[in-house]
Amino acid sequence: MSAIRRVRPSERVFSQIGGPPGTITVSRDVSTKESQSFGVSIGLFENCDMEWTVLYDEYMYILEGTLNLETREGTFDLEPGDGIWLPNGTWMVYRAEFAKAVIVVEPVNWREIHGYE
């Protein structure tokens with residue numbers, strides 16, 4: 001595990017995780033290199049319409065734009081300043097023309113646990 005790490009906007013490297021249609025890209029600010037318990041990413045959602053079931057507990061905080069989340073419990077139109085808690089196993093569809101969000105997940109090693117690495 002590494003020590004304290006500052007992340008500047010110019011240092012972020014975004015990788016595509018979803019799409020088409022559209023794209024979802026993330027920059028992993030806190031990964032398994034920094035933490036053994038939780039991860040933090042900045043997510044960019046652009047012209048996306050993607051179905052997903054979360055394999056971790058997730059909290060999202062909207063920084064810019066509007067993100068529409070369709071879940072079995074209802075549809076949520078999230079705007080800047082809104083946050084949402086999504087427990088492990090939540091089915092959803094991400095929809096956005098553009099949104100930017102902080103995404104926190106636990107456990108950070110969910111990819112390894114579920115064979116995505």
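Here are some questions and answers about the backbone, surface and pockets of this predicted model.

Trainee: What should I know before reading the values?

Mentor: Residues are numbered from 1 along each chain as its sequence is written, and side-chain values use heavy atoms, with hydrogens and water left out. As this is a predicted model, local features need pLDDT of at least 70, side-chain atom pairs count only at pLDDT 80 or more, and totals for chains, interfaces and linings use all residues.

Trainee: Which residues does the cis peptide bond join?

Mentor: Most peptide bonds are trans. Here one has an omega of about 10 degrees, and its proline sits in the loop between β8 (91-106) and α1 (110-113). Helices (H or I, at least four residues) and strands (E, at least two) are DSSP runs, numbered from the N terminus. The cis bond joins Glu106 and Pro107.

Trainee: Is Asn47 buried, partly exposed or exposed?

Mentor: Asn47 belongs to strand β3 (residues 39-53) and has a positive phi of about 50 degrees although it is not a glycine. Buried means under 20% relative accessible area, exposed over 50%, and partly exposed in between (1.4 Å probe, protein chains only). Because its relative accessibility is 54%, Asn47 counts as exposed.

Trainee: Which strand gives the largest share of the nonpolar patch?

Mentor: The patch consists of Tyr59, Tyr61, Leu63 and Trp85, with about 390 Å² of accessible area together. Leu63, at 36% relative accessibility, counts as partly exposed. The largest share, 3 residues, comes from strand β4 (residues 57-65).

Trainee: Which element gives the most to the lining of the largest pocket?

Mentor: A pocket, on a 1 Å grid over the protein atoms alone, is an open set of points where a 1.4 Å probe fits, with protein on both sides within 12 Å along at least five of seven lines; lining residues have an atom within 4 Å of a point. The largest pocket holds about 440 Å³ of space, and its 24 lining residues include Ile17, Arg28, Tyr56, Trp110 and Arg111, which lie nearest its centre. The most, 6 residues, comes from β3.

Trainee: What is the volume of the second largest pocket?

Mentor: Among the residues lining the second largest pocket are Arg5, Val13, Lys33 and Glu34. The volume of the second largest pocket is about 160 Å³.

Notes
Patch = residues over 30% accessible without salt bridge, like charges linked within 9 Å, V, L, I, M, F, W, Y side chains within 5 Å. Areas by Shrake-Rupley, 256 points an atom, 1.4 Å probe, with all protein chains shown as cover. Salt bridge = Lys/Arg side-chain N within 4 Å of Asp/Glu carboxyl O. Points joined across faces, edges and corners; volume = space filled by probe spheres on them.
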